[in-house]
Amino acid sequence: CAAMQRLSLLVLAFAGVCNGFAPSAWVGASPRCLQAISASPPPLSSRLGLRRPGRAAAGGATMQFGGLGGMFGGKKTVSPEEAGLIPDIFPAGTSMGSTAIRVKFPNWVKAAVDLGDIFSFGDTPTKGAGEIQAGATITPTQAQSKPTLAWEAEKGAYYTVVMADPDAPSPKDPKMREWVHWVRGNIPGDNLPCDGEDGGDDIKEYVGSGPPKDTGLHRYFIMVFKQQGKVDFASADRIPFTDSGRPGFKTAEFAEKYELGTPVGFSYYKAEYDNYVPQLYSQLKGEK
């Protein structure tokens, strides 16, 4: 009888603990949070944490990146001059914000076929980049899917993300500067992270890194602009998944056209040619 009583007490205690983590305890959480709470345990590549009641959506990095702090190095600070953002994309003397932009690529990606290796098989899972530091070197294979972004945003504001390569076709001869890889606009600051479910709009669809062979490391800048309000982007500025209209893009001119000012923050990574690049080129041509 004593053993049965102890067991009953343990069951009641466990039930009380579980009740503390029930969705009803997250009063005021956004629908995106509640969906994540009520869903089955997510895979490793999904969100790492949940936003608690009362926490501003500007802290939405917790949704995707979790409160793991120093376990990731995504908060490394690099100045625009050190990175070359100034003067390669914006002129010398340009003033810009210092908001930290956290960048996270998928933890797992599909490997590309190595055409020089008869034992190479494509579409096999391979390690992704995960969250990266500013200036990190990753591979085009790891950058084949658009990253998830997070930053401290102003509630009610809208943002635009621009990703561009100033080193095209090569750092030694950047005559195609800049090659624009991605533009996403009208991202609500109170619905971060920027992950494709944020309510924003891809003005130029994401194209992964495709540096030509033997051209060394290219830089890929991810810049965040705060809009003055919701923007009606012209149809002429919209580009689907194709390489047409991407070389020779000017971020500064685009920002001036839509009154975006200068970036509130930026991050960047480096990548050089790998086996994924020929596959990307084929996809851009509409080949399977």
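Colleague: Let's start with one residue. In which strand is Arg219 found?
Modeller: Arg219 is in strand β10. Keep in mind that this is a predicted model.

Colleague: Is Arg219 buried or exposed?
Modeller: Arg219 has a relative accessible area of 14%. The cut-off for buried is under 20%, so Arg219 counts as buried.

Colleague: Which side chains make polar contacts with the side chain of Arg219?
Modeller: Asp88 makes one, at 2.7 Å. The side chain of Asp167 makes a polar contact with Arg219 as well, at 2.7 Å.

Colleague: And what is Arg219 in contact with, leaving aside its neighbours within four places in sequence?
Modeller: The list includes Ala83, Gly84, Ala164, Arg177 and Tyr268.

Colleague: On to the sheet. What is the order of its strands?
Modeller: The order is β5-β11-β10-β7-β8-β9, an open sheet of six strands with mixed pairing. At the edges stand β5 (136-137) and β9 (201-204); each has a single partner strand, so one side of each has no neighbour in the sheet.

Colleague: How many bridges join β10 and β11?
Modeller: Seven, in the antiparallel sense, between residues 218-226 of β10 and residues 265-271 of β11. Ile222 is opposite Ser267 of β11 there.

Colleague: What about β7, which strands does it pair with?
Modeller: β7 pairs with β8 (residues 179-188) over seven bridges, antiparallel. In that pairing Tyr159 faces Ile187 of β8. β7 also pairs with β10, antiparallel again, over six bridges. One of the bridge partners here is Phe221 in β10, which goes with Ala164.

Colleague: How many of the eight residues of β7 are buried?
Modeller: Seven of the eight, so β7 (residues 158-165) is largely enclosed by the rest of the structure.

Colleague: Different topic. Which residues have the most contacts inside the largest nonpolar core?
Modeller: Leu85, Phe90, Phe221, Met223 and Phe254, in a core of 25 residues. The elements giving two or more residues to this core are α5 (85-88), β7, β8, β10, α6 (251-257) and β11. β10 gives the most, with three residues. Another core, of 24 residues, lies apart from this one and has Ile101, Ala136, Leu149 and Ala271 among its members.

Colleague: How many aromatic pairs does the structure hold?
Modeller: Twelve. One of them is Phe90 with Phe225, a tilted pair with 6.4 Å centre to centre and 45° between the planes. Phe90 is in the loop between α5 and β1 (102-104), and Phe225 is in strand β10, so this pair links distant parts of the chain, 135 residues apart. Phe90 is buried at 4% relative accessibility, and Phe225 is buried at 1%.

Colleague: Why is the pair of Tyr220 and Tyr269 called stacked?
Modeller: Their planes are at 20° and the ring centres are 5.1 Å apart, so the pair is stacked; the cut-off for the planes is under 30 degrees. Tyr220 lies in β10 and Tyr269 in β11, so the pair ties together parts 49 residues apart in sequence. Tyr220 is buried, with a relative accessible area of 0%, and Tyr269 is buried at 0% too.

Colleague: Last one. Which residues of helix α7 are buried?
Modeller: Tyr276, Val277, Leu280 and Leu284, in a helix that spans residues 276-284. These residues cover an arc of only 100° around the axis, which puts them on the same side of α7. After α7 comes Gly286, with a positive phi near 85°.

Technical notes. Residues are numbered from 1 along each chain as its sequence is written. This is a predicted model: local features need pLDDT of at least 70, side-chain atom pairs count only at pLDDT 80 or more; totals for chains, interfaces and linings use all residues. Side-chain values use heavy atoms; hydrogens and water are left out. Two strands pair if DSSP finds at least two bridges between them. Helices (H or I, at least four residues) and strands (E, at least two) are DSSP runs, numbered from the N terminus. Buried means under 20% relative accessible area, exposed over 50%, partly exposed in between (1.4 Å probe, protein chains only). A polar contact is a pair of N or O atoms within 3.5 Å; within protein, one must be able to donate a hydrogen and the other to accept it, and residues adjacent in sequence count only if both atoms are side-chain atoms. Contact means heavy atoms within 4.5 Å. The arc is that of the directions from the helix axis to the C-beta atoms. A nonpolar core is a set of buried Ala, Val, Leu, Ile, Met, Phe, Trp, Tyr and Cys residues joined through side-chain atoms within 4.5 Å. Rings of Phe, Tyr and Trp (its six-membered ring) pair if their centres lie within 6.5 Å; planes under 30 degrees apart count as stacked, over 60 as edge-to-face and the rest as tilted.
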